[in-house]
Amino acid sequence: MNKDTALALRTPLTDEVLAELKIGDKVKLSGVVYTARDAAHRRLAELLNKNQIAQLPFDPQGQVIYYVGPTPAKPGQIIGSAGPTTSFRMDAYTPQLLAAGLKATIGKGARSPEVLAAMKKYRAVYLVAVGGAGALLSQCIKKAEVIAYDDLGPEAIRKLEVVDLPLTVANDIQGNDLYQEGIKKYAIA
Amino acid sequence: MRELKTETIISAVKKMCIEANCVIGEGVTAALEKALTTEESPQGKEILQQILENNRLAKKNMQPTCQDTGTAVIFITLGQEVHITGGDLIEAINEGVRQGYTEGYLRKSIVADPIKRKNTGDNTPATIYLDLVAGDKFQLQILPKGGGSENMSALKMLKPSEGIEGAKKFVIETVKKAGANPCPPIVVGVGIGGTFEGAALLSKKAHLRKLGARNPDPFYAKLEEELLEEINKLGIGPQGLGGRVTALAVHINQGPAHITALPVAVNINCHADRYKVVVL
Ligand code: SF4
């Protein structure tokens, strides 16, 4: 399942490109991604619940959300350290966003059965970055701009431009799960 | 009586907050390098390399290794012959944290109320523990504790009859349940004994020990080795994507307990096992 070289992907993501991805594949993602964590997700979900899609801070169609709350940028820095946060806290909101057209989420840690089912249904993937590698990952971020919910501080929604962000496919559109498969492979009974 | 000014304490705390978050200790680096030689999963090896590179880069740029710069957990060892002058000790610690997190561009991750969830904006209040000792020593230890690993920690009041097997089972279950969430490879702090809150504190204090140093009691030292071996059989591996190295070390702290009680607490720390100590 592992390919040795990383696959270059560019956002927005299309169904054709996602159909090629398998769990364990290495990906280098470039283009625009949006940041959102718990508090921002709650607000996005409120808008989706009221069917106010036009009022979302960005159109989720084909887009990618990165679960990150960076440290403040030092003078001269584009962004501070910016590694993934634990994804399961966003699980309650993810199926709605996938239904609205979101094509990938980036975080760390396994997702709920509901999110796995929604990814299969709406043909979306889950990509993981190395948790705790925030200094290294921030080097791939070339532009960062707060586009909504500034009052949330590190949890505001930012529009990032990334180049070659190193990721691994943890869930593909066939419903496979790298967390289950990987652990099974190395567990000693 | 030795006098110690609060301004000395403030500047020490400020510096510690920044350094602990930007510079990972040598013990952790050595353990990660050793893990690289034992890890069998190619993916796991690559992750360990990324972590090591991340830590080198963070040190070079004096930037936090991880965006979650944690709750500032601070242990004060205060000799009773020391007289603090110029203000309140606890306020001095908080002022140091305030300055360190603000001027060091660290993330402010503390909400004032757990339900209403408004950020305090300066990472205070710190979580502070005070040990009063004889003599005129004054020591500060900081553990910036990340949320991802703290959230996977657990405590259980076992029956004394469950004994060592019960304790082992609970530790392993907790690590297994944590899976990828606490950013493995992890460091497992275990508190056995004490009261309900005492066991939790013992498990947190287990992270003050130099990484991989064994419990001075051979019984618990052996238990640490056994638990590490069992944990690394789980297959969770670096970042939970499968592999041999799930934990870098297990540290146990034991304490006296009530005749009816066997509390066991497991405080998980991530590979960002951040720590700094100063003696003033
Ligand atoms: S668990 Fe530790 S390494 Fe992972 S994101 Fe949290 S603080 Fe960083």
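1. The crossing of H2(B) and H3(B) is left-handed, a term used when the near helix is turned anticlockwise from the far one by less than a right angle. The model is predicted: local features need pLDDT of at least 70 and side-chain atom pairs pLDDT 80 or more, while totals for chains, interfaces and linings use all residues. Residues are numbered from 1 along each chain, chains are lettered from A, and side-chain values use heavy atoms, without hydrogens or water.

2. Helix H2 (residues 26-38) and helix H3 (residues 42-61) of chain B pack at about 155°, their axes 9 Å apart. Helices are DSSP runs of H or I with at least four residues, strands runs of E with at least two; axes are fitted to C-alpha atoms over the stretch in contact, and angles run from 0 to 180 degrees between N-to-C directions. H2(B) and H3(B) are therefore roughly antiparallel (over 145 degrees).

3. Among the H2(B) residues that meet H3(B) are Leu32(B) and Leu36(B), and the H3(B) side includes Leu48(B) and Leu52(B) (contact: heavy atoms within 4.5 Å).

4. Between the chains, the contact takes 41 residues from chain A and 40 from chain B. The buried area is about 3,300 Å², with 57% from carbon and sulfur atoms (accessible area, 1.4 Å probe, lost on being put together, summed over both parts).

5. One salt bridge joins Lys143(A) and Glu161(A) at 3.9 Å, N to O. Lys143(A) lies in strand E6 and Glu161(A) in strand E7 of chain A, so the pair ties together parts 18 residues apart in sequence.

Terms used: Angles under 35 degrees count as roughly parallel, over 145 as roughly antiparallel, 65 to 115 as roughly perpendicular and the rest as oblique. Buried area is the accessible area (1.4 Å probe) that two parts lose on being put together, summed over both. A salt bridge is a side-chain nitrogen of Lys or Arg within 4 Å of a carboxyl oxygen of Asp or Glu.
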